[in-house]
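Trainee: I would like to go through this model and ask what stands behind each label.
Mentor: Go ahead.

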Amino acid sequence: MTIADEQVQAAENLDLKDVSNVDFAFKVTLLGDGAVGKTSLRRRYMGEGFKRYYLATIGADFSVKRFTIDGYKVQFQIWDIAGQPRFREVRRAYFMGSDGGIFVHDITRPNTFRTITDWVTEFWNNTKKGPVPIIILSNKIDLIQQVAVDFDVIEDYVKQLNQRFLENYGFPVKWFKTSARTGENVSISFEELARILIQHKTNKI
Ligand SMILES: Nc1nc2c(ncn2[C@@H]2O[C@H](COP(=O)(O)OP(=O)(O)OP(=O)(O)O)[C@@H](O)[C@H]2O)c(=O)[nH]1
Ligand SMILES: [Mg+2]
């Protein structure tokens, strides 16, 4: 067993203790290049505030959050992996068992959107569940004066992806502009992923 395997196993065990109280327990994984804001979004969603300095995630980290949505009690085990290229091999182990993904890019660095196909492919190849739903977050929207991406291009891309995923896999792709700094759209996007996952799971049963 590698350290990653042990960590995943420990999290699973922790989870198993008390999932009887929830209607749905999902493992969701944050995806995207280094410094796009994955950890900041997770912290913000967990109510842990915002840090200005950048401390790259090493390997992975995770949080557990429970909430109620549309009358369902949901538990999210949120995995926050290291986006820097040097962690590429290590992070694959953390993708295993994921029910959904949150792809994050930084609106001030266009290159961080171009990697989306690589991320989703790497993710799906390692979930052991095949293609699972993802949402797309255009993060750091508070830095709108430094925007370096074309939102029309992203919107078109998401529309095409949405159509393709609906036809091939039966789930949609939703897109949000977020800020981990101000909190804009952060909870809304996690909740929307929960709705998609519930729908997906219910349809499959
Ligand atoms: N202005 C602004 N800065 C942000 C936002 N989100 C993250 N940051 C900053 O961007 C830097 C990187 O954020 P992280 O959350 O550590 O990025 P990460 O994606 O977890 O990076 P890795 O762990 O290396 O993969 C930090 O300095 C954050 O303060 C945001 O919405 N707005
Ligand atoms: Mg991080």
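Mentor: One cut-off to begin with: two residues are in contact if their C-beta atoms, placed from the backbone, lie within 7 Å. Keep in mind that this is a predicted model.

Trainee: What covers the buried residues of α5?
Mentor: The cover includes β1 (24–31), α3 (88–95), β4 (100–106), α4 (111–114) and β5. The buried residues in helix α5 (residues 116–126) include Ile116, Val120 and Phe123.

Trainee: How do you know that the buried residues of α5 line one face of the helix?
Mentor: Seen down the axis of α5, they fall within an arc of 65°, so they share one face. An α-helix has 3.6 residues a turn, so residues three or four places apart point the same way.

Trainee: Which exposed residues does the face of α5 turned away from its buried side carry?
Mentor: That face carries Thr117, Asp118, Thr121 and Asn125. Just after α5, Lys128 takes a positive phi of about 70°.

Trainee: How many residues surround ligand 1, and which are the closest?
Mentor: There are 24, with Gly37, Thr39, Ser40, Thr57 and Gly83 the closest. Helix α2 (residues 38–45) gives the most to this shell, with three residues.

Trainee: What makes up the shell around ligand 1 by class?
Mentor: Eight nonpolar, 10 polar and six charged residues.

Key:
Residues are numbered from 1 along each chain as its sequence is written. Chains are lettered from A and ligands numbered from 1 in the order in which they are written. This is a predicted model: local features need pLDDT of at least 70, side-chain atom pairs count only at pLDDT 80 or more; totals for chains, interfaces and linings use all residues. A residue is near a molecule or strand if its C-beta atom, placed from the backbone, lies within 6 Å of it. Helices (H or I, at least four residues) and strands (E, at least two) are DSSP runs, numbered from the N terminus. Ala, Val, Leu, Ile, Met, Phe, Trp, Tyr, Cys and Pro count as nonpolar, Asp, Glu, Lys and Arg as charged, and the others, Gly among them, as polar. A residue is buried if 20 or more other C-beta atoms lie within 10 Å of its own, exposed if 12 or fewer, and partly exposed in between; C-beta atoms are placed from the backbone. The arc is that of the directions from the helix axis to the C-beta atoms.
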